[in-house]
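I opened my notebook to record what I looked up in this structure, entry by entry. The sequence and the model come before my notes.

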Amino acid sequence: MDEAAALPPFAAIVVAAGKGERARQGVPKQFAFWRGKPVLRHSVDALVESGANPVIVAAPSDMQGEAHAAVGDNPRVEVVAGGATRQASVRHSLDVLAGRGCERVLIHDAARPELMRDVVARLIKALETTAGAIPVLPVVDSLVIASSGAMDGKAEREAIRRVQTPQAFRFSAIHAAHHAWEGAANAGDDAQVLHAAGGSVALVDGDERLRKLTFAEDFMDDLPPMRIGSGYD
Ligand code: CTP
Ligand code: MG
């Protein structure tokens, strides 16, 4: 049976108002083409296919036309203006959704184009028992504390997880949390905002494919891998 078909209704926010400076694509990375489509289009299409409705896309205020062109003509998708920080983009999008009766919301980075339905299903199901749920992955390398630039100490790998998006929330809890905490604008992600407001955040299994396209190299992944002795010499 199709797991997503059994999910309760949920909305989605796609934050796509950044500049993508580290990716150096000539345009903000969410508008760059990757595997045949703009990165943003991959993210929006995956959310629509997983059942999200509506999908709010926060795009730069001076690139609303580009955002409309990238997402295409879909009545379930709405483009709004983002803000100066990621969290400002989220907060404005939450305000746009307020009053529409939506009980659950996924918040997703446009820059993570490979979103799978099974991750969405895990997140939405987790909301039955918690106000927030996030996809995480273990750390496989050992960790050092390096505040001084040299090795200052070690960190316990077992206690650390890598956090991805989408992140899922009870709408009223994350909306209130964004308005309650003045540090929210500079938080790393929305789970931190909810946690600071005292909300519980459950962890579900993430997926390596949900990586965030960040650097120019991330846009070159159609190239053959470089391996010692791989026969390319
Ligand atoms: N984002 C946003 N509004 C901002 C800043 C970031 O909506 N003011 C979005 C980005 O578009 C991206 C996501 O937040 O989808 C994660 O941010 P990041 O990977 O840092 O993207 P950029 O800020 O665009 O990239 P960079 O930091 O390299 O400039
Ligand atoms: Mg950034």
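My entries below cover the ligand, the strands, a pair of helices and some backbone details.

Before I started, I noted that this is a predicted model, in which local features need pLDDT of at least 70 and side-chain atom pairs count only at pLDDT 80 or more, while totals for chains, interfaces and linings use all residues. Residues are numbered from 1 along each chain as its sequence is written, and chains are lettered from A and ligands numbered from 1 in the order in which they are written.

Ligand. I looked up the surroundings of ligand 1 and found 23 residues, of which the closest are Val15, Ala17, Gly18, Glu21 and Arg22; a residue counts as near if its C-beta atom, placed from the backbone, lies within 6 Å. This shell divides into 9 nonpolar, 8 polar and 6 charged residues, where Ala, Val, Leu, Ile, Met, Phe, Trp, Tyr, Cys and Pro count as nonpolar, Asp, Glu, Lys and Arg as charged, and the others, Gly among them, as polar.

Strands. Helices (H or I, at least four residues) and strands (E, at least two) are DSSP runs, numbered from the N terminus, and two strands pair if DSSP finds at least two bridges between them. I saw that β11 (residues 167–170) runs antiparallel to β6 (residues 104–109), with 4 bridges joining them, and that Arg104 stands opposite Arg170. I then found β11 paired with β7 (residues 132–138) over 2 bridges, again in the antiparallel sense, with Gly132 as the bridge partner of Phe169.

Helices. How do the axes of α3 and α5 cross? Helix α3 (residues 86–97) and helix α5 (residues 171–180) have axes, which are lines fitted to C-alpha atoms over the stretch in contact, that come within 10 Å and cross at roughly 130 degrees, on a scale from 0 to 180 degrees between N-to-C directions. In the contact, where C-beta atoms placed from the backbone lie within 7 Å, Val90, Arg91, Leu94 and Leu97 of α3 meet Phe171, Ile174, His175 and His178 of α5. I counted these contact residues as 5 nonpolar, 2 polar and 1 charged.

Backbone. I noted a cis peptide bond between Thr165 and Pro166, with omega about 10 degrees, and Pro166 lies in the loop between β10 (161–163) and β11.

How values were computed. Two residues are in contact if their C-beta atoms, placed from the backbone, lie within 7 Å.
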